[in-house]
Amino acid sequence: MNVQITDLRAGDEPKIQQVARLIVEGFKEHWPDAWPDINSALQEVQESLGADRISRIAVADSNQVLGWIGGIKQYDGNVWELHPLVVGTEFRGQGIGRSLVADLATEAKNRGGLVLWVGTDEDNQTTLSGINLYPNVWEHIAKIRNLRGHPYEFYQKMGFAIVGVMPDANGIGKPDIFMAKRL
């Protein structure tokens, strides 16, 4: 399958609709409150089309959207947040997510970015969940183990490092894991 990565453009309603459906489906298992319905997903997609954003899609020859990645400019453009990344369930494990992350890194660097970071929510998928991370937060981070397919290992393979956590960000025992890499 031939895959092309390109900008998601305002006014391309068929692709915007496809991205919104990908978001709802892609996040419903572990993060169902993120975008619980098509309207919340469409709002996220529309926001991604702003001037301080990057919005890129992986598209098959058939014009089917296989995945989507967004970037948000921060710190006067020195830092870009990867938000969000989704690949259609049936297309995972084929390098599409990896290609989207690499493409976003290039786009951010071309816009003056020095760092790309991502926050990965925890849903009882690592040893950082369900425990009190205080007072020895870094000790827990150093001993992190992936229990059920948390994406932090995917990002590590892409050159990201864990740079911190926000304990209880998503409720008691549900931290955010912060990861970053230099561009």
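The following questions and answers concern a predicted model of a protein chain.

Q: How many helices and strands does the protein chain have, and in what order do they run from the N terminus?
A: The secondary structure comes to five helices and seven strands. From the N terminus on, the order of these elements is β-α-α-β-β-β-α-β-α-α-β-β.

Q: Which radius of gyration does the protein chain have, and does it agree or disagree with that of a compact globule?
A: The C-alpha atoms fill a box of roughly 50 × 35 × 30 Å along the principal axes. For 183 residues, a compact globule would have a radius of gyration near 16 Å. The value for the protein chain agrees with this, at 16 Å.

Q: What share of the contacts with a separation of 6 or more joins residues 24 or more positions apart?
A: Contact here means heavy atoms within 4.5 Å. Among contacts in the protein chain with a separation of 6 or more, the share from residues 24 or more positions apart is 59%.

Q: What part of the accessible surface belongs to carbon and sulfur atoms?
A: Of the 183 residues, 45% count as buried. The accessible surface of the protein chain comes to about 9,500 Å². The part of that surface belonging to carbon and sulfur atoms is 48%.

Q: How far apart do the centres of the positive and negative side chains lie?
A: The protein chain has 18 positive and 23 negative side chains. The centres of these two sets are separated by 6 Å.

Q: Is V59 buried or exposed?
A: V59 belongs to strand β2, which spans residues 53-60. Its relative accessible area is 7%. Buried means under 20%, so V59 is buried.

Q: Which residues does V59 contact beyond its neighbours within four places in sequence?
A: One of them, T6, is 53 residues from V59 in sequence, yet their C-alpha atoms are 7.7 Å apart in space. With T6 included, the contacts of V59 are N2, V3, Q4, T6, K15, Q64 and L66.

Q: What kind of aromatic pair do F27 and W35 form?
A: The whole structure holds four aromatic pairs. In the pair of F27 and W35, the centres are 4.8 Å apart and the planes stand at 75 degrees. F27 is buried at 13% relative accessible area, and W35 is buried at 9%. An angle over 60 degrees counts as edge-to-face, so the pair of F27 and W35 is edge-to-face.

Q: Which residues form one aromatic cluster?
A: The rings of Y155 and F160 have centres 5.4 Å apart and planes at 75 degrees, so this pair is edge-to-face. Y155 is buried, with a relative accessible area of 6%, and F160 is buried, with 4%. Together with F154, they make up the cluster of F154, Y155 and F160.

Technical notes:
Residues are numbered from 1 along each chain as its sequence is written. This is a predicted model: local features need pLDDT of at least 70, side-chain atom pairs count only at pLDDT 80 or more; totals for chains, interfaces and linings use all residues. Side-chain values use heavy atoms; hydrogens and water are left out. Helices (H or I, at least four residues) and strands (E, at least two) are DSSP runs, numbered from the N terminus. The radius of gyration is taken over C-alpha atoms; the globule rule is 2.2 Å times the number of residues to the power 0.38. Buried means under 20% relative accessible area, exposed over 50%, partly exposed in between (1.4 Å probe, protein chains only). Accessible areas come from the Shrake-Rupley method with a 1.4 Å probe; for residues, only the protein chains shown count as cover. Lys and Arg count as positive and Asp and Glu as negative; His and the chain ends are not counted. The place of a charge is taken as NZ of Lys, CZ of Arg, CG of Asp or CD of Glu. Rings of Phe, Tyr and Trp (its six-membered ring) pair if their centres lie within 6.5 Å; planes under 30 degrees apart count as stacked, over 60 as edge-to-face and the rest as tilted.
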